[in-house]
Amino acid sequence: MHQQPARHPRARNVTVVLGPTNTGKTRLAVERMIGHESGMIGLPLRLLAREVYDTVAARCGPDAVALITGEEKIVPREPRFYVCTVEAMPADVEVDFLAIDEIQLAGDSQRGHIFTDRLLHRRGKTETMMLGASTMHNSIAQLLPGAHFVSRPRFSILRYSGQKKLTRLPPRSAVVCFSADAVYATAELIRRQRGGAAVVLGALSPRTRNAQVALYQSGDVDFIVATDAIGMGLNMDVDHVAFAATHKFDGHMVRALRPAELAQIAGRAGRHMNDGTFGVTGEAEALMPDVIEQLESHEFDAVKALQWRNRVLDFGSLEKLLGSLSRNPDLPGLTRTLYADDATALETLARDPDIQEVATSEDTVKLLWEICQIPDYRNITGGDHAALIGRVFRFLTTSGTIRNDWFARQVSFADQTDGDIDTLSNRIAHIRTWTYIANKSDWLDDPALWQERTRAIEDKLSDALHDRLTQRFVDRRTSVLMKRMKEKEELMSVISEEGEVTVEGQFVGHLSGFHFAPDTTSDNAQGKALRNASMKAVAEEISARAARFLQVDDAQIELTLKAAIVWGGATIARLQVGSEALKPRVQLIADSQLTGTERDQVQERIERWLDNLIGKHLEPLRALSQDESLGGLARGVAFQLVEALGVLVRDDVAEDIKGLDQPARSSLRKHGVRFGAFHIFIPALLKPAATNLKLVLWALRREQDGSLTLDGIPEPPQQGLTSAQIETPAPAGYYTAIGFRECGTRIVRIDMLERLSDLIRPRVFWKPEKEGDERPEGSVEGGGFTVIPDMMSLVGCSGDEFSGILRTLGFKMDRRKVEAVAEKAPAADAPDTEPALTETADAASEVPSTEVPADGSASSASEATEAVVEETVQFLEVWRPKPRNRPERPHQNRDNQKRAGQNREGQQRGRNSRPQGARQNKKSKPSSQPRPPVEKKIDADSPFAALQSLKDALTKDQAADK
């Protein structure tokens with residue numbers, strides 16, 4: 001294709017108005033346009049185009065103005081003015097006045113070539129105006145010699161205010177992020193901390209963005225969170241702009257924003273004559289001094305090159321079209337654009353054999369290029385977007401139009417308003433694609449119908465998305481109240497009988513006891529303000545409750561297993577471990593509104609109640625701890641009992657108990673102490689109320705040493721149970737604290753174990769008082785006992801479980817063989833019998849043979865057959881105490897040490913030449929003479945007495961045998 005030599009575009013009647021944000025450039029252009037008979041203005045955003053359209057329609061009437069964007073067309077019969085997006089400016093319409101806004105976008109890698117094309121080739125018949133940043137001055141002057149430049153200063157001052165936390169940002173602030181996830185996370189944080197925020201993203205539909213901006217402008221929220229979409233076309237009353245990030249992904253890489261880009265966004269702060277500020281927040285690093293200076297002075301590096309793409313395209317073939325698109329510019333200051341969605345889609349489809357086969361004529365190539373202009377609103381991969389374009393191309397080349405059933409099906413997928421924010425945003429992106437296609441008048445059989453339907457669906461989805469955004473990021477219940485508080489109006493606070501605190505009917509918290517718990521769902525500036533408004537009523541109610549509490553009876557105050565002190569269903573204090581087991585501390589749970597004398601009186605009342613509670617249920621322990629008459633070992637045992645909350649395992653204090661004389665034992669018994677075979681305990685403390693109180697005191701100690709938390713305390717066994725199955729493991733010491741003992745797979749109350757001991761002892765130590773006395777049931781000759789039903793009924797179990805209890809208590813079981821008995825086999829019709837606790841020995845392996853008479857009479861032989869003899873051996877399961885290793889007595893230890901010392905001394909002097917091992921060997925020889933038994937005084941309460949009894953019985957048996 002022949003290319004004309006390069007020449008500069010005409011610049012006659014071209015006015016270039018440059019300046020920073022808030023200089024009134026767009027407003028100037030609209031006024032100039034309305035002053036002409038006809039006009040057209042190209043704007044960078046559909047949203048801004050709609051705003052300008054509404055302004056012109058309001059002044060000139062809707063019949064005088066047309067709106068043309070990629071997704072929306074409102075064209076009256078004879079419009080005077082056209083408001084368009086830059087991409088959608090009709091090429092066949094000539095007007096007196098023409099303006100292009102935000103012309104600095106000519107440097108954008110994606111859309112820049114469109115703005116450059118309009119700069120170079122679009123003109124009004126009488127006046128042309130280019131609007132943009134001062135960075136464009138050199139480029140436009142080079143491309144449009146003779147253009148008239150006008151510089152407009154900013155109406156207000158813009159100042160840097162440094163770094164601030166989100167919670168410290170001033171009202172009427174805009175927070176800028178560069179991804180949807182960051183926008184949502186920031187808006188959520190502001191909702192929790194500050195009451196709510198409006199949200200603006202480039203992916204939102206214009207209707208949703210307008211609704212969110214209106215939410216902010218109305219004062220319902222004081223913050224708006226947005227992407228860099230806020231930098232253009234959104235006119236809002238923003239006082240401060242805070243950058244939550246200063247880097248963005250531009251479609252190809254993550255890069256730092258240039259100072260001019262930061263200025264475009266920061267310039268939103270300060271409307272008209274009101275000064276504005278900008279700064280950073282969140283994790284954004286503070287701006288460098290040179291960047292701050294550029295933003296405050298509005299002086300930036302000039303744009304060095306504008307994006308350009310050849311507008312004279314060759315549609316002779318796909319190869320020629322791609323070749324013309326790749327042509328480089330001839331004019332200086334221009335650079336060929338490398339990234340454009342339409343060119344990328346064309347390159348992908350040009351490699352498709354099916355497309356190559358169809359796109360052979362100039363018309364089909366031109367149609368394919370037109371279809372490639374469909375915007376990728378969905379931000380999907382290039383291959384998927386190209387596939388959609390290819391599908392549309394096949395419809396148009398085979399049928400002339402897109403099939404109605406296919407298009408209807410695609411539209412119906414988006415016609416749903418359920419789902420979350422991301423789901424609705426995705427549906428809006430899809431419907432915008434179908435709206436764009438519907439606005440192509442020759443692509444569908446009934447384009448007007450589909451334009452109306454897709455527009456209605458987009459509006460419906462936009463409204464639903466606005467509702468979701470508002471529900472998620474705005475605390476509606478406080479917005480009206482915040483306005484009233486700003487106006488210094490007094491708000492009415494009410495506290496219900498249940499403790500719910502409301503301000504003007506809005507729930508702000510709950511008053512429980514003497515503590516106000518704020519509503520955490522509104523933990524933000526508005527919520528804090530509402531709570532502050534309720535504090536006067538809360539303070540008055542807390543004071544009234546304190547007065548009532550001082551008059552209540554002890555029965556109205558309760559202690560839970562979690563160490564909480566409860567009054568009227570509310571926790572008013574908690575127990576903490578004290579210096580002594582029976583003296584826990586009280587931690588009052590009350591807000592600062594309870595002060596002075598009232599607070600002291602409430603504290604004293606709780607401490608007095610606690611003292612009464614311990615005195616009522618744990619009086620024996622308190623008496624033990626305060627008995628000054630106890631001395632020596634008795635005082636030591638009493639101290640251990642108090643620290644152990646009334647239960648000691650006898651084996652743990654065996655030496656101390658052995659050392660107690662009868663007067664000392666009596667002094668302890670008068671306090672209710674019982675010396676059992678297995679435990680030293682106070683039976684009165686096994687009652688449920690005392691047990692629960694002990695459990696709390698025990699748990700406080702364990703919580704202090706870190707072995708458990710109060711929340712980890714298991715529930716005690718059901719009241720009245722004497723034993724229970726162990727379902728789950730319990731903390732060490734838990735069962736002892738509640739008066740139980742682990743015995744195999746069960747826990748048994750300790751008083752039941754002592755009663756079991758009372759049944760066992762007389763059977764193990766039974767001796768006839770006079771001749772003819774019968775041995776009690778279960779008593780076994782030679783010492784020991786067998787299990788009887790009364791024993792099992794005490795602990796509520798039998799079999800292996802009962803055996804486990806006995807083994808835990810120190811008993812072992814032997815199977816004692818009883819003398820064999822020979823019996824005749826019973827007759828065939830006699831009932832079978834089997835002795836208890838027996839095992840059948842091996843019977844005779846053969847039946848004895850019988851002798852047959854000489855006459856061979858079988859009947860005589862049968863009658864002479866003797867009965868089969870069965871031999872049985874009986875066994876008894878006999879339980880007896882296990883031998884135990886007694887601890888060495890102190891005097892024995894001294895004697896052993898003395899003997900060892902003498903032996904060493906003798907060896908040193910040479911008095912004894914025998915090695916120590918030889919002496920030990922001699923000592924280990926069994927003596928031919930039995931050693932006479934040593935008489936020792938045995939505590940009858942101890943289970944060790946059973947062992948001594950057994951030894952005595954064996955000695956007597958041996959003597960009798962001799």
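V30, E31, M33 and I34 in helix α1 meet V52, V56, R59 and C60 in helix α2, where a contact means heavy atoms within 4.5 Å. By type, the residues of this contact split into six nonpolar, no polar and two charged; Ala, Val, Leu, Ile, Met, Phe, Trp, Tyr, Cys and Pro count as nonpolar, Asp, Glu, Lys and Arg as charged, and the others, Gly among them, as polar. This is a predicted model, with local features needing pLDDT of at least 70 and side-chain atom pairs counted only at pLDDT 80 or more, while totals for chains, interfaces and linings use all residues. Residues are numbered from 1 along each chain as its sequence is written, and side-chain values use heavy atoms, leaving out hydrogens and water.

The axes of α1 (residues 25–34) and α2 (residues 46–60) come within 12 Å and cross at roughly 35°; they are lines fitted to C-alpha atoms over the stretch in contact, with angles from 0 to 180 degrees between N-to-C directions. Helices (H or I, at least four residues) and strands (E, at least two) are DSSP runs, numbered from the N terminus.

Further along sits helix α9 (residues 318–325), with L318, L321, S324 and L325 buried, that is, under 20% relative accessible area with a 1.4 Å probe and protein chains only (exposed is over 50%, partly exposed in between). Seen down the axis of α9, these buried residues fall within an arc of 130°, so they line one face of the helix; the arc is taken from the directions from the helix axis to the C-beta atoms. They pack against β18 (334–336), α10 (341–350), α11 (353–358) and α12 (362–371).

As for A555, it lies in the loop between α18 (525–549) and β23 (557–559) and counts as exposed, at 73% relative accessibility.
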